[in-house]
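Good morning, and thank you for coming. Please look at the sequence and the model on the screen while I speak.

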Amino acid sequence: MSINTKHAALNAWIKEIAEMCEPDDIYLCDGTQEEYQRMIDTMVDAGLGTKLNQDKKPGCYLFRSDPSDVARVEKRTFIACEKEEDAGPTNNWIAPDKLKADMKAIYKGCMKGRTMYVIPFSMGPIGSFISKIGVEITDSPYVVFNMKIMTRIGTAVLEQLGTDGDFVRCLHSVGKPLAEGEKDAKWPCIPNVDEKYISHFPEERMIWSIGSGYGGNALLSKKCFALRIAGIQARDEGWLAEHMLILKLTNPEGQSYYVAGAFPSACGKTNLAMMKPTIPGWKVETVGDDIAWMRFGDDGRLYAINPEAGFFGVVPGTSMTSNPNAFTQIQADTVYTNVALTDDGDVWWEGSGIPAPAHAIDWKGNDWTPDSKEPAAHPNARFTTPAALCPVIAPEWEDPNGVPISAILIGGRRKTTIPLVNESLDWNHGIFLGSIMGSEITTADITDKVGQVRRDPFAMLPFMGYHMGDYLKHWIDIGAKASADKLPKIYFVNWFRKGEDGHFMWPGFGDNSRVLKWIVERIAGTGKAVSTPIGNLPTPDAIDISGISVSADDLDHLLEVDKEAWIAEIASIRENYKSYGDRLPKELDEELSKLEKRLA
Ligand code: GTP
Ligand code: SPV
Ligand code: MN
């Protein structure tokens, strides 16, 4: 039982893992469509997934996870660098030797009764100078076909790797060995959260994950590689690996601009990237919806690629009104996880814009009716769908040179304080705004913190591979290397301001094009703004609100500088900055003092 590729180091690693995990079989993925279909069919035939009604949803399938395994597990995510201080205050650290020893004990024999799949994958177009290769070993066929959608996999990648190419070692197991004759679980995993591990060994560029079959825990290309490990490579090599969407915006005159945007998980990247503008004559096309790798081009501008090949997007809330392009795309060739199954073999979810069926099977596999207390779809139910099938994919989305970025948006869910849009004064002020972004904590189980702001610098808090202070310094250094007029402008946006009665003040979704319009007008030099202590805000008439109903009162609040709230904000930022110790870049401390002075 061995695999013979042309790459000796890869063969040796596969052998080593097989000896530890003791699978019944090893299979090297070729990446063909036929293989993809076979993986899905095998699971469906075994009752581990559902083929949807092909008249309604051609090429679509539904999978239900174990109820314990529905999202990333941040408290079980580890950065095991040699020195604890290098992991920084925002990461969980375990000494690499100890972590490896602990995990080896769990990996021992963990693939008994299963096949071990070897998936060579490329982040970015195969062969591009910007691309990086990984190999994921997994015992989950669900991971194999999701990786086929999310990345470029198979023989072509192996060819590219040659006999001695570098690759990131990604090991994944669901952590559920099967005894002789034992029937498999519907969704094998380790249900106890405290026994799952998502571990990163930065110095070895290696990822070890066990116990979860879900999304970012199991598709190791995504957050583990393309953000945490690539973030370290980016720091060392002078580029950026970011939790950002990339979109192309074209105005009625036919001029195009590329915009990147960092919003925390479930805060609107996919929606913005695929948005259908509500202002006539404007067009948005998609380059990426979750991750951007950015480097300087020969012309001194910052160029971004989307290293992925698919979208792993939040399903609930996706409708013909909120995101018509995504809604249309997921009618075919899409894998659904954790939505409800209707009696006619279709899927349904909350916020679909489709009336609830009288009866369905919910995401847990139980009978569901509109009277049920629990949602039919899990709030973090996801679709996996190929980027190439996006109805508004930008023709240049796979350009190995990337697209030149004119503006970077940042922003979280803030019901107060943060205006609809705020233009940073310069690069370092933009980094300052990136460092203070965050969302109000809403999860009911952290009761003592509800309402407090969780700072999530550049939406990277859960995805940092090293010290957050060093990361912010890296952003500052990137700017210092460039000529200021070629750097993208940074805009702090907030679609989530709420009135006292809890209503959203800004309609959001397609109407966010109105904010994008002001941003590119600013870049072109025509947009009107007022200078305020926190940055440049649109004048009241500068945002095009023709045809929508935003009350004058709400618009006032959306564009106001709430001094008192900002003074309270400063105290909270200072507190947060303390956690970075002497690794807080002095430039950010200076920005904070300057803000304080401007507000006084
Ligand atoms: P990840 O895939 O987790 O990284 O998330 P994402 O940033 O791509 O988030 P996504 O676009 O899937 O949005 C998640 C949630 O935010 C959905 O429930 C949307 O309905 C909601 N949302 C997105 N854009 C807006 C907006 O402009 N206004 C409001 N009010 N809600 C929005
Ligand atoms: C996120 O949580 O930001 C995601 C989903 O994009 S996952 O891939 O599971 O991390
Ligand atoms: Mn994400």
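I begin with the surface: the protein chain has an accessible surface of about 22900 Å², and 51% of that belongs to carbon and sulfur atoms. Such areas come from the Shrake-Rupley method with a 1.4 Å probe, and for residues only the protein chains shown count as cover.

A word on the source. This is a predicted model, in which local features need pLDDT of at least 70 and side-chain atom pairs count only at pLDDT 80 or more, while totals for chains, interfaces and linings use all residues. Residues are numbered from 1 along each chain as its sequence is written, chains are lettered from A and ligands numbered from 1 in the order in which they are written, and side-chain values use heavy atoms, with hydrogens and water left out.

Next, the overall fold. The protein chain contains 15 helices and 30 strands; these are DSSP runs numbered from the N terminus, with helices being H or I of at least four residues and strands E of at least two. The radius of gyration of the protein chain is 24 Å, close to the 25 Å from the globule rule for 600 residues, so the chain is as compact as a globular protein of that length. That radius is taken over C-alpha atoms, and the rule is 2.2 Å times the number of residues to the power 0.38. Of the 600 residues in the protein chain, 59% are buried, where buried means under 20% relative accessible area, exposed over 50%, and partly exposed in between (1.4 Å probe, protein chains only).

How many disulfides does the structure hold? It holds zero, a disulfide being a pair of cysteine sulfur atoms within 2.5 Å. Cysteine 21 is in no disulfide, and the nearest cysteine sulfur, that of cysteine 110, is 3.8 Å away. Cysteine 21 is also buried, at a relative accessible area of 0%. The sulfur of cysteine 390 lies 15 Å from the closest cysteine sulfur, in cysteine 60, which is too far for a bond. Cysteine 390 is buried as well, at 3% relative accessibility.

Finally, two points in the backbone. Most residues other than glycine have a negative phi. Glutamate 22, however, has a positive phi near 55°; this residue lies in the loop between α1 (8–21) and β1 (25–28) and is partly exposed, at 28%. Alanine 266 has a positive phi of about 60°. Alanine 266 sits in the loop between β13 (256–262) and α8 (269–273), and is partly exposed, with a relative accessible area of 46%.
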